[in-house]
Amino acid sequence: MQRFVLVAVLTLSAPALHAQSARDTTTMLLRGGFQEVSGWISQAATLVSAEQYTYRPTAGVRTVGELLAHIADGYIWYCSNAAGRQTEWSDATEKGPLDKATLQRRLQSATDACIAAYARGSQMPLLQNIGHASLHYGNLVTYLRMMGLTPPSS
């Protein structure tokens, strides 16, 4: 799916971008893809009330707060590795405070670090980051719908 989306975007964008190098074009498209999905995730984090951060649709799945924290941990891991800092996966955000204010700050910090990585980082981890974020944004969409909220991408 990720490859299909990337190929479709590259194909449709090629005429307007033909003067740029392939790497510059790909980097620009990756950055745009990340900004889109991370924007929806940030908007969802804002949309959900502080009380709803503990919402868990069913036993065995993450709460809203745990899911947002996991996404932030993913941003940190993928984008650190893309920027050339070999980083081990850490659940530090997910295992830390899960209140709305803390998570919004952590998510914004991780998003900002990723945006910097999309300017100059290795492309494969950045593409994987978009896939991981998109997967979990899909989870958030379901959670939002179950809470009676309209997802930002709708």
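**Exercise 1.** Which residue does a disulfide join to Cys79?

*Solution.* Before starting: this is a predicted model, where local features need pLDDT of at least 70, side-chain atom pairs count only at pLDDT 80 or more, and totals for chains, interfaces and linings use all residues. Residues are numbered from 1 along each chain as its sequence is written, and side-chain values use heavy atoms, with hydrogens and water left out.

Step 1: look for a pair of cysteine sulfur atoms within 2.5 Å, the cut-off for a disulfide. Cys79 pairs with Cys114, at 2.0 Å from S to S.

Step 2: check the handedness. The torsion about the S-S bond of Cys79 and Cys114 is about 100°, so this disulfide is right-handed.

Step 3: Cys79 sits in helix 3 (residues 64-82) and Cys114 in helix 4 (residues 100-120), so the pair ties together parts that are 35 residues apart in sequence. Helices here are DSSP runs of H or I with at least four residues, numbered from the N terminus.

Step 4: check the burial. Both Cys79 and Cys114 are buried (under 20% relative accessible area; exposed is over 50%, partly exposed in between; 1.4 Å probe, protein chains only).

**Exercise 2.** How are the rings of Phe34 and Tyr75 arranged?

*Solution.* Step 1: rings of Phe, Tyr and Trp (its six-membered ring) pair if their centres lie within 6.5 Å; planes under 30 degrees apart count as stacked, over 60 as edge-to-face and the rest as tilted. The structure holds 6 such aromatic pairs.

Step 1: the ring centres of Phe34 and Tyr75 are 5.0 Å apart with planes at 75°, so the pair is edge-to-face.

Step 2: Phe34 belongs to helix 2 and Tyr75 to helix 3, so the pair ties together parts that are 41 residues apart in sequence. Both Phe34 and Tyr75 are buried.

Step 3: widen the view. Ring pairs link Phe34, Tyr75 and Tyr118 into a cluster.

Terms used. Helix = DSSP H or I, 4+ residues; strand = E, 2+ residues; numbered from the N terminus.
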